[in-house]
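Me: I would like to go through this model with you, starting with its contacts. Please keep the answers plain.
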Amino acid sequence: TAGASSANMPTTALTADEIADGNMQVADLLVKSELAPSKSEAKRLIKSGSVSVNDVKVVDLNACVSEADFASGELILKKGKKGFHKFTL
């Protein structure tokens, strides 16, 4: 991630079960990481184009993550310019 050290990033560990079958929505990750207070706010953020996963902008309100998104065992969720959260498996 450009300009952000993942070492100092807030981190949440997920289990493989939580993301099994690609059922973990990006909106759920925003709420889980506390980058969004609610799922409706998370969807508003996605709609406004201010959310990205591993530096790829999320445009689908129902976008989900899967194990494939966890390159090297982690996924970086970004909200706006300053909101970062790392998820590990």
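Me: What share of the contacts with a separation of 6 or more comes from residues 24 or more positions apart?
Reply: In the protein chain, such residues account for 52% of the contacts with a separation of 6 or more. Contact here means heavy atoms within 4.5 Å. This is a predicted model, in which local features need pLDDT of at least 70 and side-chain atom pairs count only at pLDDT 80 or more, while totals for chains, interfaces and linings use all residues. Residues are numbered from 1 along each chain as its sequence is written, and side-chain values use heavy atoms, with hydrogens and water left out.

Me: How many helices and strands are there, and in what order do the elements run?
Reply: The protein chain has 3 helices and 7 strands. From the N terminus the order is β-α-β-α-α-β-β-β-β-β. Helices (H or I, at least four residues) and strands (E, at least two) are DSSP runs, numbered from the N terminus.

Me: What radius of gyration does the protein chain have?
Reply: The protein chain has 12 Å, which agrees with the value near 12 Å for a compact globule with 89 residues. The radius is taken over C-alpha atoms, and the globule rule is 2.2 Å times the number of residues to the power 0.38. Along the principal axes, the C-alpha atoms fill a box of roughly 30 × 30 × 20 Å.

Me: What share of the residues is buried?
Reply: Of the 89 residues, 36% count as buried. Buried means under 20% relative accessible area, exposed over 50%, and partly exposed in between (1.4 Å probe, protein chains only).

Me: On to helix α3. Which of its residues are buried?
Reply: In α3, residues 39–47, the buried ones are A42, L45 and I46. Seen down the helix axis they fall within an arc of 100 degrees, so they line one face of α3. The arc is that of the directions from the helix axis to the C-beta atoms.

Me: Why would residues three or four places apart point the same way?
Reply: An α-helix has 3.6 residues a turn, so residues at that spacing point the same way.

Me: What do the buried residues of α3 pack against, and which exposed residues are on the face turned away?
Reply: The buried residues pack against α2 (26–32), β3 (51–53) and β6 (74–79). The face turned away from the buried side carries the exposed residues S40 and K47. After α3 comes G49, with a positive phi near 80 degrees.

Me: Changing topic: how many salt bridges does a search of the whole structure find?
Reply: The search finds 5 salt bridges. A salt bridge is a side-chain nitrogen of Lys or Arg within 4 Å of a carboxyl oxygen of Asp or Glu. One of them joins K32 to E18, with the closest N and O atoms 2.9 Å apart. This pair links distant parts of the chain, K32 being in helix α2 and E18 in helix α1 (residues 16–19), 14 residues apart.

Me: Which salt bridge does E74 form?
Reply: E74 pairs with K86, the closest N and O atoms being 3.8 Å apart. E74 lies in strand β6 and K86 in strand β7 (residues 83–88), so the pair ties together parts that are 12 residues apart in sequence. E74 is partly exposed, with a relative accessible area of 23%, whereas K86 counts as buried at 11% relative accessibility.
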